[in-house]
Amino acid sequence: MSESQQLRGILFDMDGVLYNADELISGAVEAIAWVRAQGIPHLFVTNTTSRSRAALAEKLIAFGIPAQDEEILTPPVAAAHWLRTRHAENIALFVRPSARSEFAGLQCVADDAERGASFVILGDLGDLWDYRTLNRAFRLLHHNPDAELIALGMTRYWMAADGISLDVAPFVAALEHATGRKALVFGKPATHFFQAAIQKLGLPASEVVMIGDDIETDIGGARTAGLKTALVRTGKFRPADLQHATQPDLVLASIADLPNSWSR
Ligand SMILES: [Mg+2]
């Protein structure tokens with residue numbers, strides 16, 4: 001990495017960089033061990049909201065990568081941190097039970113409230129969505145013109161076990177359309193999300209490199225937020241990504257090349 005003398009921190013995307021679904025990417029364990037041995041501040045950043053941080057940490061540990069909850073940044077964690085720093089109250093949560101614990105300690109409205117929310121948090125509710133639930137989110141926003149709509153990611157769809165399925169974005173879009181309001185998005189590629197990550201590291205954006213396999217959400221998002229970027233040729237990487245309007249500062253064959261690139 002030619003600018004390594006200015007680089008002091010690393011953000012790692014998880015799926016496609018450290019592993020592909022349930023298969024470890026060769027060299028990932030050694031690369032993370034090297035980062036830890038060097039004492040380089042780092043975080044794992046993922047848009048996954050269907051698993052808790054504890055479950056994600058367990059997954060890393062099962063692969064042989066020691067990890068703690070605090071080292072993983074997910075959209076619910078970033079949003080909860082943002083709410084806490086604002087001493088936010090009257091929060092309405094539309095998130096899965098697994099994500100609820102991240103909002104512990106914040107003052108929330110009743111689960112059936114239709115008024116009185118200052119912040120409406122929308123996550124991937126999956127088949128917990130129904131008209132009544134979506135309409136309740138709409139009513140909470142409608143009854144308070146100052147209420148902020150917060151989206152935990154803007155993923156449009158995902159591949160569930162039983163087939164292609166709606167993610168969070170279509171529901172956010174429905175509420176944006178109905179209320180004429182724009183959601184504040186936590187999750188890659190939103191700048192807020194990367195800012196939350198570098199704040200956690202305590203480093204300026206220009207001294208942190210985002211390593212990811214997604215040219216748009218990882219590389220494009222991080223660049224917009226002022227970070228340095230490294231694209232790995234693993235996971236969802238396709239050669240056409242190198243013709244994309246957004247280009248990374250560096251391309252790595254895989255995460256295994258990180259130690260060599262860093263010291264070059
Ligand atoms: Mg990825």
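Me: Why is Lys-59 called buried?
Reply: In this predicted model, Lys-59 has a relative accessible area of 14%. Buried means under 20%, so Lys-59 is classed as buried.

Me: What makes the contact of Lys-59 with Asp-22 a salt bridge?
Reply: The N to O distance between the two side chains is 3.6 Å. The cut-off is within 4 Å, from a Lys or Arg nitrogen to an Asp or Glu carboxyl oxygen, so the pair qualifies. Lys-59 lies in helix H2 (residues 53–63) and Asp-22 in the loop between strands E2 (19–20) and E3 (23–24), so the bridge ties together parts that are 37 residues apart in sequence.

Me: Is Asp-22 buried or exposed?
Reply: The relative accessible area of Asp-22 is 65%. Exposed means over 50%, so Asp-22 counts as exposed.

Me: What makes Glu-207 and Arg-8 a salt bridge?
Reply: Their side chains meet at 2.6 Å, N to O. That value is within 4 Å, so the pair meets the definition. Glu-207 sits in the loop between helix H7 (191–201) and strand E12 (208–212), and Arg-8 in the segment before strand E1 (9–12), so parts that are 199 residues apart in sequence are tied together.

Me: How do you know which class Glu-207 and Arg-8 each belong to?
Reply: Glu-207 has 19% relative accessibility, and the limit for buried is under 20%, so Glu-207 is buried. Arg-8 has a relative accessible area of 46%. Partly exposed is the range between buried and exposed, so Arg-8 belongs there.

Me: Why is the pair Glu-114 and Arg-139 said to tie together separate parts of the chain?
Reply: Glu-114 and Arg-139 form a salt bridge, with the closest N and O atoms 3.0 Å apart. Glu-114 is in the loop between helix H4 (97–100) and strand E7 (119–122), while Arg-139 is in helix H5 (residues 131–142), so the bridge ties together parts that are 25 residues apart in sequence. Glu-114 is partly exposed at 33% relative accessibility, and Arg-139 is partly exposed at 33%.

Me: Which residues do salt bridges with shared partners join into one network?
Reply: Asp-13, Lys-188 and Asp-218. A search of the whole structure finds 12 salt bridges.

Me: Why is Pro-170 called partly exposed?
Reply: Pro-170, in helix H6 (residues 169–179), has a relative accessible area of 29%. Leaving aside residues up to four places away in sequence, Pro-170 touches Thr-155 and Arg-156.

Key:
Residues numbered from 1 in each chain as written. Predicted model: local features only at pLDDT ≥ 70, side-chain atom pairs only at ≥ 80, totals over all residues. Heavy atoms only, no water. Helix = DSSP H or I, 4+ residues; strand = E, 2+ residues; numbered from the N terminus. Buried < 20%, exposed > 50% of the residue type's maximum accessible area, 1.4 Å probe, protein only. Contact = heavy atoms within 4.5 Å.
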